[in-house]
Amino acid sequence: MSLKNNILFLGLDYKKEIIKIVLITFLLFSLCVPVIIFKLPFYLVFILLMLIAFIDYFLITRYSDLKKKLIKQRDDEFIDMLSYFQIYVSNNIGIYKTFETIAPFTSDWVNEKIQNFLLQVDNDKSVKPYIDFAQQFNNLIFESVMISIYQMVDEGSTSLRANQFNSLFTQISNSHQLEMIETKSSKMDILNSFPLIGAGYITLVLTFSIIAILGDFINVI
């Protein structure tokens with residue numbers, strides 16, 4: 001997805017975000033001016049350019065990362081919502097009433113989707129509102145969950161439909177827990193790589209410094 005689409009997905013102003021990136025890049029480039037004016041070693045310009053490229057890459061790619069994080073948060077919230085849904089339904093509270101009760105305790109975005117879902121259910125008694133609601137999220141299995149919930153409404157909360165829903169919920173919950181473990185493990189691997197990146201950067205700076213010193217020494221001789 002393009003940079004513009006990612007920014008709009010996050011609910012940010014595209015023009016303002018682009019202006020921020022341009023201004024930050026301009027300020028970073030301005031750091032090269034003293035290096036050129038005072039004829040400082042060329043390796044400093046190279047290091048600054050590398051730093052500018054790295055920061056620009058980070059600024060541009062962070063929108064994609066933020067989008068992925070937001071999508072995951074919404075999917076996680078759907079799973080949390082299901083856990084409450086299971087409790088309410090097991091206590092013989094109607095499914096429509098359950099969604100009404102859960103909605104105020106969700107985020108603004110999910111709350112809005114639930115309210116729209118309930119309005120659609122009022123006007124359309126088919127499975128379509130349930131599928132449309134599930135498609136607001138990223139996880140494809142959510143559609144199966146909502147179809148299962150629709151069947152509980154259409155056919156009544158029989159033991160068969162309840163067991164089908166519980167089975168899907170258990171599957172999602174177990175998958176979610178495994179994903180959380182993998183995410184934590186991945187973050188630890190990234191943290192462990194930071195010292196190597198830092199060491200590589202220091203080695204690069206020292207190499208250019210030594211080359212510059214040797215160059216000045218040779219010129220003196």
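Colleague: Is Arg62 buried, partly exposed or exposed?
Modeller: The model is predicted, and the value here is computed from it. Arg62 has a relative accessibility of 27%. Buried would require under 20% and exposed over 50%, so Arg62 counts as partly exposed.

Colleague: Which parts of the structure does the pair of Arg62 and Glu17 tie together?
Modeller: The two side chains form a salt bridge, with the closest N and O atoms 3.6 Å apart. Glu17 and Arg62 belong to parts that are 45 residues apart in sequence. Because Arg62 lies in residues 42-90 and Glu17 in another helix, the parts tied together are helix H4 and helix H2.

Colleague: What is the N to O distance in the salt bridge of Lys20 and Glu17?
Modeller: Lys20 and Glu17 are three residues apart in helix H2, residues 14-30, which means that about one helical turn separates them. Side chains of opposite charge can pair when their charged atoms come close. For the salt bridge of Lys20 and Glu17, the N to O distance is 3.4 Å.

Colleague: Is Glu17 buried or exposed?
Modeller: Lys20, a salt-bridge partner of Glu17, is partly exposed at 47% relative accessible area. Glu17 itself has a relative accessible area of 5%. The cut-off for buried is under 20%, so Glu17 is buried.

Colleague: Which residues are linked in a network of salt bridges?
Modeller: Glu17 pairs with Lys20, and Arg62 also forms a salt bridge with Glu17. The network therefore consists of Glu17, Lys20 and Arg62.

Colleague: How many residues apart are Lys128 and Asp132 in helix H7?
Modeller: Lys128 forms a salt bridge with Asp132, and the closest N and O atoms are 2.7 Å apart. Lys128 is partly exposed, with a relative accessibility of 48%. Helix H7 covers residues 128-134, and about one helical turn separates the pair because their spacing is four residues.

Colleague: How many salt bridges does the structure hold?
Modeller: Among them are the pair of Lys20 and Glu17, the pair of Arg62 and Glu17 and the pair of Lys128 and Asp132. The number of salt bridges in the structure is four.

Colleague: Which residues make the nonpolar surface patch of about 330 Å²?
Modeller: One of them is Ile37, which lies in helix H3, residues 32-37. Ile37 counts as exposed, at 57% relative accessibility. The patch is made by Val33, Ile37 and Phe38.

Key: Residues are numbered from 1 along each chain as its sequence is written. This is a predicted model: local features need pLDDT of at least 70, side-chain atom pairs count only at pLDDT 80 or more; totals for chains, interfaces and linings use all residues. Side-chain values use heavy atoms; hydrogens and water are left out. Patches are made of residues with over 30% relative accessible area and no salt bridge: like charges are joined within 9 Å, nonpolar side chains (Val, Leu, Ile, Met, Phe, Trp, Tyr) within 5 Å. Accessible areas come from the Shrake-Rupley method with a 1.4 Å probe; for residues, only the protein chains shown count as cover. Helices (H or I, at least four residues) and strands (E, at least two) are DSSP runs, numbered from the N terminus. Buried means under 20% relative accessible area, exposed over 50%, partly exposed in between (1.4 Å probe, protein chains only).
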